[in-house]
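Thanks, everyone. Let me put the structure up, and then I'll go through it region by region.

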Amino acid sequence: MLFSSFSPLSSSPSSSCELQAQFKFNRIYKAGDFILGGLFAIHFSSVFPELSFTSKQQDLICYGFDIPGFRMAQTMAFAITEINRNPSLLPNVTLGYSLYDNCLTLGVGFRSALSLVSGREEQFQLNESCVGSPPVLGIVGDDPSTHSIAISSVLGLYRVSLVSYYSTCSCLSDRNKFPSFFRTIPSDAFQVQAMLQIIKRFGWTWAGLLFTNDAYGRNAAQLFQSDLAQSGFGCLAYVEVLPWDHDPAELQRIVTVMKTSTARVVIVFEHGSNMVHLMEEVVKQNVTGLQWMASEAWTTYPKLLTLDFMPYLGGTLGIAIRRGEIPGLKDFLLKIHPDNSLGNTIMRRFWERTFQCNFPTLPSEWVDAGGRVCTGQEDLATAETALLDVSDLRPEYNVYKAVYALAHAIHDMLHCVPGKGPFIGHSCAGLRTIQPWQLVYYLERINFSTPFGDHVSFDENGDALPIYDVMNWVWLPDGSTKVHNVGVVKKLVSAGEELILDEDRIFWNFESKKPPRSVCSESCSPGTRVARIKGEPICCFDCIACSEGEISNETDSTECTSCPEDFWSSPQRDHCVPKSLEFLSYHEALGISLTIISLLGTLICAIVLGIFIYHRSTPMVRANNSELSFLLLFSLILCFLCSLLFIGRPRLWTCQLRHAAFGISFVLCVSCILVKTMVVLAVFKASKPGGTDIMKWFGAMQQRGTVLALTSIQAAICIAWLVSASPAPHKNTHYHSDTIVYECVVGSTVGFAVLLGYIGLLALLSFLLAFMARNLPDNFNEAKLITFSMLIFCAVWIAFIPAYISSPGKYADVVEVFAILASSFGILVSLFGPKCYIMLLKPERNTKKSIMGRATTTSSIHGFQLRPPFASAPVPGSVLPTPPRLTNTFAADTQTDASRPNFRNRHTATTRDPRRSDDVSHMSRVTLFEPTFHSGPSLSFSFMQPVSQSRPQPPPCSQRPFQAPAFLSTDVLPASPPLAPPAFPQVLPACPQVLPAYPPFLAPLHPTLDLPSVHTTLPPVMALPTVPSPPPATPPPPPMAPPNSLPFPPLVPPRECLPQELQLDHFPHARSAFLPTHSHPQF
């Protein structure tokens, strides 16, 4: 309102103010100590006069009486009346009200607000103080958000409180622009959140959005799209703006888009009156099968609840303002009477509309046309009007709360204690000097509850604690319709929203009677992830299964989560499971098989060892270097047992022990084989001239020392390896992504390579040495067995290297165990198989005679054949102990001995005692001579010379030590004429019982002759004397005895008289004799 002060005749200051212009408003007024203003849409349309500016502007005309708007105005009047009757709220203070009709027009509402804050007096006197209460302390209103934005932007400059009951635009929460705006209805921000909660509840991710082209629709649509995108739950198939002017062509296009879209859910932010035009086009195109979601602006709009629209709108879910109950309101409405509201034109118009009558102030033409005249005595209780329907009070309930909010703020302000007030100097507002801005302070701090039980307070933005009802449009079987409550959405005091729905009460307008499916793409189940489709909305996607090792345990997961290191994805990819632990176990078939084979090999070795121990005194065992054989079998047992360390769950001690035990065991085994091979070659070399010195390096002690030294080197390698970089268990996930391979890492690859390299070096050396001895005579066949065993050993371990490198996980252990077992079995079978075969299956071959028979090299020299001594049957009645066997003739040579002119040739051969294969002292050299003094069958004899004299002197026999003869000579006479035997001299004077008589053709040496050393030349052979002519008186010789019956005592002394050194069990020498191929008849 604009006022001016003037005085046309005087220059003195004016003493009064006059209203320049005045508008005629429809209002309801009641006086009081404090006035509260109200703005309501009692009429829903208006017509402005033509603006010519040539005459005074005419008043606008409002039409279309709106019963709900009138009921809201009456609710405010009722609330103020109820407050005035309440002795505990504003006692001794009377509130009045001034209610204006904004005609649902911004200009009218804005003018009405200015009239409320300025006053309507046409002229008032000015006084010196110019003090007094303002026309109104606060205003309840306005209805549309657009009106509230315009009005609050002006009233906010003067901090006049505006409490809206229906403006939901979230923009009004900006305190910088609207510092004095409050509202008791939730903002669109919460309305959008409430609708999103419902959409999420039913899984509707594909929807269309329609909104009205005003501040309410634009802000709501903007918030909805923003919150929907932020939540990432769904997307919009289309977004359309509903025309404000109800353009039919535009509405037709929009409905066509709805019809062709795959979205089954339509969300609409629109006013109820405009929804009627949209639904008319929907009915025209017969667009069914849609699920509508209504904003609070048209959820309960009654003109849509018709039989024409219900086939399409049935089942609609909407957000509605919280319904409340106001006791006493209906009784108050029944008391409305135009006489009680004299001057209130709005009451008169309601009465005229309700009873279809007219008050006499109207033109007489009304009566002439047959119209009724309103008397004021009509009974409102009998009238059919929606005014009295108080069963669904929603905006009215917000009006009721807004009035009480202002009343509580005034009450708190009036009860301020002086000196403790909130204003400057802790002052309080005076009853007569109260200002609107002072009310804002108290309004921000109100806190009370309504009789219905709802809590009322405002946050820092002026918004009340939001709460909405969820409504459902029901089409009843009798054809009637109603909108009933199926839930509530409210904001929690802490944070978030809470949706409570009674889904059993929801009516679905579909044949299935179930919520529809509205998705662009079906949801991705757990175990899959969403893959966006280029160029399509985010709701249109493909479902791709998670990769191995990744999971998704939520529906429509945008990404898959990797499992922890020790876990792997389940087959469904929806949860993580512990990875399987893989190692060579005793419980699997492969581990059981290897364990059985390992124990079987150990058992076989033990059996072979037992066989050798049991037959240790037999020629077969004694001929094969029994000490090294026992040690070799023991090492093979260790080799078989060490393979068990590779089976089972790896532990620190097994990882450290497995390779050390493997390396030492195999070096011990190969060392024994190497020494055996070296001894064979050494003896062969010693048989050659000048090679006898080599045998002193291959005695028993030297053999043991060599094996120990070679094994100690491997032990040192293992110790250095374990100290520097010890093997340890390790969980390897590189071989298989879904399996943890529990293995032993070698720690130091160099250490492992040196260990294997040392074994390989010894094996290769053994192989080469045995290969060099392969061409020795057949009686030295052990060299061939060693060659074959080392060939198997080397072949296995050469194949092991690439197989071990290329084998992943537990199969590397399998390859190593297989190599251990294969090489161990190869050595065991090659070296000990033939010997066990003879001892167990061919015991007749395990004799000295058999072994010497197959072992002695047979050669003919001028009709004489070299055979083992005593190969012929012994002489009956003679005591002939069995001599040592001669096996393996290493070498033989033939030459003419110039020192012995009576003999044509000398044949020399070196032999050994198989029982003492490890001792070079048991090697003998046999020399054979061919006599030249006769032309018949050659006379031959032999003698033996020990290669070494390392054995101690034997104990004495009787009183004089007996020394072994250097050689014995045997003379075989020609077959004809027979020679008489010469006199037989006494050989052993110290032991007269030994040889009482000698055959005439034996000439033993003197027993006192010492044995020659290894390096001395064989002593000269005593020449046989010339056979003398028999004396005349000599009787004829006795007839020749049969070959097997010699008429003379044995060739050697009895056993009991021989020293221990010469007893045949300890006799270190071997004997050999040449028997003629065509023997003398005597033999």
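The scale is simple: buried means under 20% relative accessible area, exposed means over 50%, and partly exposed is in between, with a 1.4 Å probe and protein chains only. Glu325 meets Arg323 in a salt bridge, 3.8 Å from N to O. Arg323 is also partly exposed, at 24%.

Ground rules, quickly. This is a predicted model, so local features need pLDDT of at least 70 and side-chain atom pairs count only at pLDDT 80 or more, while totals for chains, interfaces and linings use all residues. Residues are numbered from 1 along each chain as its sequence is written, and side-chain values use heavy atoms, with hydrogens and water left out.

Staying with salt bridges. The rule is a side-chain nitrogen of Lys or Arg within 4 Å of a carboxyl oxygen of Asp or Glu. How many salt bridges does that rule give? The count is 17.

Take Arg183 and Asp463. Their closest N and O atoms are 2.7 Å apart. This pair links distant parts of the chain, 280 residues apart. Arg183 is in strand S11, residues 181–183. Asp463 is in the loop between strand S20 (455–457) and strand S21 (467–475). Helices here are DSSP runs of H or I with at least four residues, strands are runs of E with at least two, and numbering goes from the N terminus. Are Arg183 and Asp463 buried or exposed? Both are buried.

Asp463 comes up again at Ser457. Ser457 is found in strand S20. It is buried, with a relative accessible area of 18%. Leaving out residues up to four places away in sequence, Ser457 touches Ile446, Asn447, Asp463, Ala464 and Leu465. Contact means heavy atoms within 4.5 Å.

Next pair: Arg253 and Glu240. The closest N and O atoms are 2.6 Å apart. Arg253 lies in helix H6 (residues 248–260) and Glu240 in strand S13 (residues 235–242), so the bridge ties together parts 13 residues apart in sequence. Arg253 is partly exposed at 35%. Glu240 is buried at 12%.

There is also a network of salt bridges. It links Arg322, Asp392, Arg394, Asp454 and Asp469.

Now the pocket. Rolling a probe the size of a water molecule over the atoms shows where empty space is left. On a 1 Å grid over the protein atoms alone, with a 1.4 Å probe, a pocket is an open set of points with protein on both sides within 12 Å along at least five of seven lines; lining residues have an atom within 4 Å of a point. The largest pocket holds about 1,800 Å³ of space, where volume is the space filled by probe spheres set on the points, joined across faces, edges and corners. It has 47 lining residues, and the closest to its centre are Asp66, Pro68, Gly272, Ala297 and Tyr301.

Which helix gives the most to that lining? H7 does, with five residues. H7 spans 272–285. Other elements that supply at least two lining residues include helix H1 (67–85) and strand S16 (317–321).

Next, the nonpolar cores. A core is a set of buried Ala, Val, Leu, Ile, Met, Phe, Trp, Tyr and Cys residues joined through side-chain atoms within 4.5 Å. The largest has 77 residues, and Phe662, Phe793, Trp797 and Phe832 touch the most other members. The largest share of this core, 16 residues, comes from H17. Apart from it lies another core, of 70 residues, among them Ile42, Phe78, Cys416 and Val456.

Back to Trp797. Beyond its neighbours within four places in sequence, Trp797 is in contact with Phe662, Phe666, Leu756, Glu816, Ala819, Ile820 and Ser823.

Last stop, helix H10, residues 345–355. Its buried residues are Ile346, Met347, Phe350, Trp351, Glu352, Thr354 and Phe355. They pack against several elements, including H1, strand S6 (61–65) and strand S7 (95–101). Gln356 follows H10, and its phi is positive, near 50°.

That's the tour. Over to you.
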